[in-house]
Amino acid sequence: MNMVTQSIDRFDGKLKVTGQARYSGDHSLPNLCYGYLLQSSIAKGRIQSMDVSAAQSSPGVVAIFTPFNPLKIYSPAQAGEEGMISGDVIPLLQNPTVDYFGQTIGFVVAETFEEARDAARLVKLQYQTQPAIVELQAGLGQAYAPKSVSGMGATVSVLSDGVTSIDEALRSAPVLVSATYNSPIEHHNPMEPHATTAMWNGDRLTIYDATQWVQGQQRNLAAVLGIDEANVRVLCPFVGGAFGCKGSMWMHSPLTAAAARVLNRPVKTVLTREQMYSAVGHRPSVRQTVTLGATKQGELTALKHEVYSTSSRVKFFAEAAAHRTSLALYKSPNILVTHQIVPIDFAPGTFMRAPGVAPGMFGLESAMDELAVKLGVDPVDLRLRNYATAEPVHKLPWSSKHLDECYRVGAEKFGWSRRSPEPKSTRNGDWLIGQGMATALYPAHRSHAEVKIRFQSDGNVSVSAATHDLGTGMYTVLAIVASEALGIPPERIQAVLGDSGLTVAPVAGGSQTTASVSPAVAAAADSAIKKLIATAVSGTKSPFSGMNPSDVSYANGVVQASGKSVPFEAVLAALDRSAVEGSGIASPGEEEHKYGFLSFGAQFCEVRVNEWTGEARVTRFTSVMDVGTVVSQKTARSQVIGGIVFGIGMGLLEATKVDPNSGWIANRNLAEYLVPTNADVPHIDVEFLNIPDTTFNLLGVRGIGEIGIAGVPAAIANAIFNATGIRVRDLPITPESLLVDQKGMA
Amino acid sequence: MQRKPDPLSAPCSAASEETGSSRRRFISQLAALSAGLSVVTPISRGVADTTQPTRGPDQTPEDGGFVDITLRVNGIVRKLRVDPRVTLLDALRERLDLQGTKKGCDQGACGACTVLLDGTRVVSCLTLAVMAQGKEITTIEGLAKGDELHPVQAAFVSCDGFQCGYCTPGQIMSAVGCIHEGHTKSDTQIREFMSGNICRCGAYPNIVDAIKLAVTQGKEAI
Amino acid sequence: MKAFSYKLAGSTDEATGTGTQSAFIAGGTNLVDLMKIDVMDPKELVDINQLPMRGVTLDNNGLRIGALEKMAYVAEQPDVVQHFPVISQALLKSASAQLRNMASIGGNLMQRTRCGYFRDVIMPCNKRVPGSGCPAFTGENRMHAILGVGNACCATHPSDLAVALVALDASINLQGPKGTRSIKLDDFYLLPKDTPNREHAIEPGELITGVTVPHTNWYQRSAYLKIRDRESYEFALCSAAVALDMDAFMIRDARIAAGGVGTKPWKLPEVAQALIGKRVSQATFEQAAEIAAKDAHPLSQNGFKVTLLKRTLTRALVQVGGGVA
């Protein structure tokens, strides 16, 4: 198929700008009541007693469920396994144990939201508390190597012939750089709080649920509610942002459904912003040490990347910062990555935009900048000197790699050649100006997907699959790909998604949706066209009746044969058929084992840092991306911009503050958990190379949802070093790190 | 297929000729989907005056008591009986089925719930419904004239000033207020005066473009 | 949020005559937020928006701002912008456009601290529950105060406007059951000492009717500098309100206060004194700024505020006075 990049407006745009797009919490139903979570106020221990009498008699209260009066929740089949079906697998509310601050320990249902909220606060609790470890530093003594990290062993080593250890290789390196980098717990904070509206009709559950995976949610809900998954329908046509925290099932969903079942009326639960800090995952805290050995010319001879990441004691999750970066980016004859888990008494972590990669690239690309400074080599040149023309571990060829072009185009657009490598050499008044760069990468994933296409007698074509649009532009992508495949303008395509009853699609995570679903759209189009032609020749009333199918062709919505051209809707009308449909599947194949698949990019950043007061602001950003074919230009550009803005947050603002004494989260709100505002974001220049990766899939598409953030915190930190001469290795980079002796006073 | 060029599309988009009747069919299809297909039909409260007591009169709480209020929303008078605790946001969303106004934080820290009160932008999560009486309340549902988008709405579509769309009603209401206030003299001023609306998808540069576009091309209609 | 009753006050007397279980509400941006999280739980809300405490006027007696005027309106009044830029700038650096459209001047001056422990009823807090303790001293205190910290509380006062007004020697006008009175805003805010629950010198039933700022020509040479992690929509890490009376390069008089560092808006008369009679130079400003932090008691996470305070003041002074003589 010949893909042409399109620059059309977002297909769901009009619904979103008029307030007509209904998200999971936007449903009013007859006899609806409201659920409200009650969360623990201690980090570890047991609930000794729970007095719900005042809450029970509070106005409007319908029911209060607690560990002493629980809703039945079964253990999910996948409990303890690694993978996307995970989430808060501890079946909460089944016993009085408290494993982390903010654990759901009660579920209040009332006639109104206000009454439920008020009643939850009237529950009187007595705890037996136990000492808790709630942060990385305190838990280092208990660190252990997990069995598996990102599908690999905790330690992965590549050594050249005759080298017995990475340390030996490092010892013989002429130039050595080694530093430790820290990043805090971060929270996704999508603007839409998780919301669930559940209703039962007999033994059938219909649930509007904020999720990145309707079919995963369907399976998980069925498992923990003890019902057949055929009796669960999950609807989620719109997701108000997710970034990973709606990829797993979290306990408020089954609790809401279970309460609706017991009470025999619909229940809606919308998490408060505060509750989201312990109920729906976070990015773990990471401590990583990167050690680089190099020749004096800047060729890496050894690369060692050692990672510690926190993980909830009750739910394993590894933030694979080294495995997903240092095993992929640079040509080094000797590489070692290690990962240690630091167990903490804290809520479960989960995937957050570019899991592993976002913190890992901060460490690796900061270290590369430190090496460039030490060697006096231009940072772009240093990266080119270590350019990996094959995948570094298994030495597989890349499916498609044009990272060198990203560096070149990015440097030119940004004006990199005019940068002074000397720190503190550029200023504007009392603002020090600096420029930095970093590489971006993200693994290209692809999963099995199935798509249905229907030619309809109204002249439109529907394309559907149980996938999602998280703001990623999937409605638009589906319509564009179907439009291209069928030769029909996008406005005649109806894209349908977000319903577990549709054909199989993977979780909208891991930047894989477009790469997985688009080839299936193309296959479905072929199938639907074949069906259309078969129908056209078989029906007696058809203009093509009795013809040999091989003599009939289809192009641009029109069926053609022996001089006749009939639009498909006319063919359907002649046959009195409402529609003809075909479906197509697409799966990754043998190529998976023959190539390395990655998306690449180059990030260039300018910052200003006030020499008096140390606040750093990003003033300019250029990003050049090698992500294969770009299907939808507008939404793709927005995705990359969004990733960069996320990266600005990670670099300069975001940190979840945990009271070391109690596990209490100090900034559980959007006033104090700082995400970027409009004023924090400059103009962002995004360029796509738009080179199809047809080895990866038919359309040459790779993902773009996550790569935008990769490298951004490092580019910012490197620019801050260029501005100030101060190397900051702890995120976020806030004024206290930059107050040091800039004015000769401290 | 007839394509109508969008008068607002030019500066943001090279090829945004995306309108027309089929597009609207697609939109209505989506609307049907989001309304739950055949599974369940959300209560449509119509547009007439509605009295919707949230519970029977015998359940008056010990403290306070329910109050009868009258709100004028998008030009329509709506009568309600509410607990004084009910915010304007929850009154709109949970009592009047105007779910376009979104709850992002419920603490005045994100701007997703922004509406206009007598033409001035405010956050509805910190506005008690009882105190919004006597004011003209404009929500995202009240901006378009029938099928014709308000210039700010059209500019947001044209410039892709959103991704997930959840903060968008608040961004748009805030942008309308920002333009009214005259705080659009420079990119820097727009950014600062739009900073009360958090967009986690990071659509900020496009939001700034959309506001500039709306100011230059849609002035008479705003 | 606890249930409450709602009353619209028809007159000031009616408002001030309400009981101690009542709270006045104007914009509600702080009160409704705190009521939702049960930090405040009045039995009755008295809506004062109909009361006549309006107007922004400038005459020889000074600038009078009605307590019910909205922050956004006051910030852009020509008299304020021209003659009291520090006030305008402090207002425009506060909160967000929406909140400034809602919040009244009186409410802004009465807003409560953003300390996370104060804002969460599951945690101890001496300000909320006297005697319950203060976990901030050994916990999360990066945003907390370094000046005016007693043994009981280290929370900062969050208002930007109050910092500008305290710097300019503004007075606050009050009306209560016993009549009207006016006191210096600096005296209106109380140090936490052993009673951090008592934040203001306000009597039960008293209502803020407005503020008065002395009319001094040289206040037009003033500025508000606010340093924060985020560029907008955030409380201050540190801020400085500075006004300088200059005769060519000589400093005749100065008014200075700092925010984000004190348990109340922090007036810095000694810094001002150190500038008087000096010729402007970076060195002069730096030396004066040193004095600001002499009584600072930094906590475990906010030691940087000592340096930041001095730098913020210096930068603001350079901005207002010029760095080179």
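How far apart do the C-alpha centres of domain 1 of chain B and domain 2 of chain B lie? In this predicted model, the separation between these two centres is 23 Å, domain 1 of chain B being assigned to residues 57-142 and domain 2 of chain B to residues 145-221. The contact between them draws 15 residues from domain 1 of chain B and 13 residues from domain 2 of chain B. On the side of domain 1 of chain B that touches domain 2 of chain B, strand E3 (114-117) and strand E4 (120-123) of chain B each supply at least two residues, and E3(B) gives the most, with 3 residues. That side divides into 6 nonpolar, 7 polar and 2 charged residues.

Chain A is likewise divided into two domains, of which domain 1 is made up of the segments 33-131, 191-241 and 246-279, while domain 2 spans 447-587. The C-alpha centres of domain 1 of chain A and domain 2 of chain A are 40 Å apart, and 15 residues of domain 1 of chain A are in contact with 14 residues of domain 2 of chain A. At least two residues each of the side of domain 1 of chain A that touches domain 2 of chain A come from helix H6 (214-225) and from E11 of chain A; the largest share, 4 residues, is that of H6(A). By residue class, this side of domain 1 of chain A comprises 8 nonpolar, 6 polar and 1 charged.

Between the chains, 69 residues of chain A are in contact with 75 residues of chain B. The elements giving two or more residues to the side of chain A that touches chain B are helix H1 (13-17), helix H3 (113-120), strand E11 (232-235), strand E20 (493-496) and H15 of chain A, with H15(A) contributing the largest share, 7 residues. The residues on this side of chain A divide into 30 nonpolar, 24 polar and 15 charged.

Helix H15 (residues 633-652) of chain A also packs against helix H16 (residues 712-724) of chain A, at an angle of about 55 degrees and with the axes 8 Å apart. The crossing of H15(A) past H16(A) is right-handed. In this contact, A:Ile644, A:Gly647, A:Ile648, A:Met650, A:Gly651 and A:Leu652 of H15(A) meet A:Val712, A:Pro713, A:Ile716 and A:Ala717 of H16(A), and the residues involved divide into 8 nonpolar, 2 polar and no charged.

Terms used. Residues are numbered from 1 along each chain as its sequence is written. Chains are lettered from A and ligands numbered from 1 in the order in which they are written. This is a predicted model: local features need pLDDT of at least 70, side-chain atom pairs count only at pLDDT 80 or more; totals for chains, interfaces and linings use all residues. Axes are lines fitted to C-alpha atoms, for helices over the stretch in contact, and angles run from 0 to 180 degrees between N-to-C directions. A crossing is left-handed if the near helix is turned anticlockwise from the far one by less than a right angle, and right-handed if clockwise. Two residues are in contact if their C-beta atoms, placed from the backbone, lie within 7 Å. Ala, Val, Leu, Ile, Met, Phe, Trp, Tyr, Cys and Pro count as nonpolar, Asp, Glu, Lys and Arg as charged, and the others, Gly among them, as polar. Domain bounds come from an automatic or database domain assignment.
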